[in-house]
Each structure stands twice: as C-alpha cells, then as structure tokens.
Amino acid sequence: MSSTPEHRSGFASFVGRPNAGKSTLTNALVGSKVVITSSKPQTTRTVVRGIVHRPDAQLILVDTPGLHRPRTLLGERLNDLVKTTLAEVDVVAVCFPANEKVGPGDRFIVSEMAKIKRTTKVAIATKTDLATPEQIGQHLLDIQALGADLGIEWAEIVPVSAQAGDQVSLLEDLLVGLLPEGPQLYPDGELSDAPEEAIVAELVREAALEGVRDELPHSIAVVVDEMGLREGRDEDKPLLDIYAVVYVERDSQKGIMIGRKGARLRKVGTDARVQIEALLGTPVYLDLRVKIAKDWQRDPRQLRKLGF
C-alpha cells in the first residue's frame, strides 16, 4: 500500500458582516483577483468560487454576500442565497474585523450559523494590520466568548491580515486540514468557476462603485450584453469586444454615473478595462452604457432579468 497522504478537496465559505474583509481574503488565498473588493459594504452579490490548487488538495472558496437584516427584496434574496450555500459547504469561516469590536451584527450572523448543525465552523480575526497586539488579544477572547454563548465550538480561531499577508498560508493549511479526502474537482489552473461574463460584469461594477457617493452602491447592477473576439483580426493581435450596460434606479443617478461630459463613465471604462485585460490576458474594447431600471431592487421581474 502506498504511504502517500490522501488528496483533500472541498468547499469553504467566508461569512461576516459587510466589509469584514471576506473578498480580500479570498483573493489573497487564490493569488488572483476573482472577487471584487470595494470600500463600500455589501458589494458582493453573486457566489463566486475562487479555487486554491495545491499538490495535496483543492480548496474551493465560496464567496457569499454579507449576511445582514434585509430591507429590500434583493436583501432577502441575498440572505436566502447565503443560507442555502452554507448548508452545503464543508467549512464556514466567520470573519470578525480586528479593528472593530464584536457587535450585534456579528451576534446575528453567529446565531444564524448556530442553526447550521453539520458544518465545521472556524473564526477568523481579519485586518490584524489595523489593530494593536492588545486589541487583537482581546478580540480573540471576545470571539471565543461569543461562540460559547451561542453554542458554537470553533474548530480554530485564527488572526490574519490579507493586506499584509500575515498568517494567510497558515489559514490555508488549517482550512485544507478540515476538508474531507477527495479527488480534484476542477482542472488545474482554473481560478474560478464563475463564467467570464459574470467576472467581467463584477469588475465593471467594482470600477463603477469607486468614487460614487454613498447613495449609489446598492443601486448599481451591470449586465454584459455581448462579449466575443473581434472577427477578421490576426491571431497574434486579438481584440475582445465587450458591450455592457450599467443599470441604475433613477434619472438623477444616471447623471452621477455618466459624470460631467461623460468623464466619470470614461474613467470607469478605463479602470475596468485594465482589470479585465489583466484577468483575461487579452486586449479589450469595452463599450459601456448607462440605463435606468426603475427601483430594480424591489421588483422581482427586474431582479430576475439582472440575474438575482
């Protein structure tokens, strides 16, 4: 019998309050940008899976929207999506930013986690680069206490800074150790199973979110209408044509999105194009339009059309 260690494979999901550092952590582990990160909370809407490939394991990271008390139909759909996802993964890792006290939002999430019985639960103190050693020590004790209070036994409690790269590989080893033995689930070199159009739409949305005033973040949705290599070009000079629409909810928002003489939209296009070219490794022509989908977050038909 061979004494080679068994290959492990499985799914882990990061949950936490909006802006707890989940997406940045996913990108740090995968080593590439598969999830959008923004300083605006609640930016993740779709379940993107980042894939960590190792000789001994394949760790598939399921990124979910931040769990929160819903105010709109979109909010309710996002929460349902999170709960279904979490019942199906092998490990749930709850993220608690070390630079903020453990609060009611964290309690709400951990109490929801306590209802999911079979899944292994890990606690991560994120953003440790923004806290003092004393703060981190107290934070870890608070996380332990919260788990005990709500009947959760953490398999691990790990302090990490994705930004500074501290303990990221330790976290990876711990997560891999909690996965079941199993074969490779995705081909080598694949970083995400989200279709390229979905990742492109997310990158456009990330660029659109940067620099818009606080009233806009939830009102922006992006749909890629068409994407394909331009015909009639030499093989060594490909150009990828992408036609995408940025949807907002009201007329006034359309003006903000386009900006003076189209300046904001041009900047969004340029920023997004740089990210898309880096991800897909090919030059891109990006055509962006802004349209209004009135109050789409509350309208089931429009939510479906926009992919929720």
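Let's start with Tyr 243: its relative accessibility is 32%, so Tyr 243 counts as partly exposed. Buried means under 20% relative accessible area, exposed over 50%, and partly exposed in between, with a 1.4 Å probe and protein chains only.

A word on the model. It is predicted, so local features need pLDDT of at least 70 and side-chain atom pairs pLDDT 80 or more, while totals for chains, interfaces and linings use all residues. Residues are numbered from 1 along each chain as its sequence is written, and side-chain values use heavy atoms, leaving out hydrogens and water.

Now the rings. There are 2 aromatic pairs in the structure. Rings of Phe, Tyr and Trp (its six-membered ring) pair if their centres lie within 6.5 Å; planes under 30 degrees apart are stacked, over 60 edge-to-face, the rest tilted.

Phe 96 and Trp 154 are both buried.

Back to Tyr 243. Its partner is Tyr 285, edge-to-face, at 6.1 Å centre to centre and 65° between the planes. Tyr 285 is partly exposed, at 34%.

What lies over the face of Tyr 285? Arg 230 does, 5.4 Å from the ring centre. The rule: NZ of Lys or CZ of Arg within 6 Å of the ring centre and within 35 degrees of the ring normal.

Last, Asp 241. At 11% relative accessibility, Asp 241 is buried. Beyond its neighbours within four places in sequence, its contacts (heavy atoms within 4.5 Å) include Arg 230 and Tyr 285.
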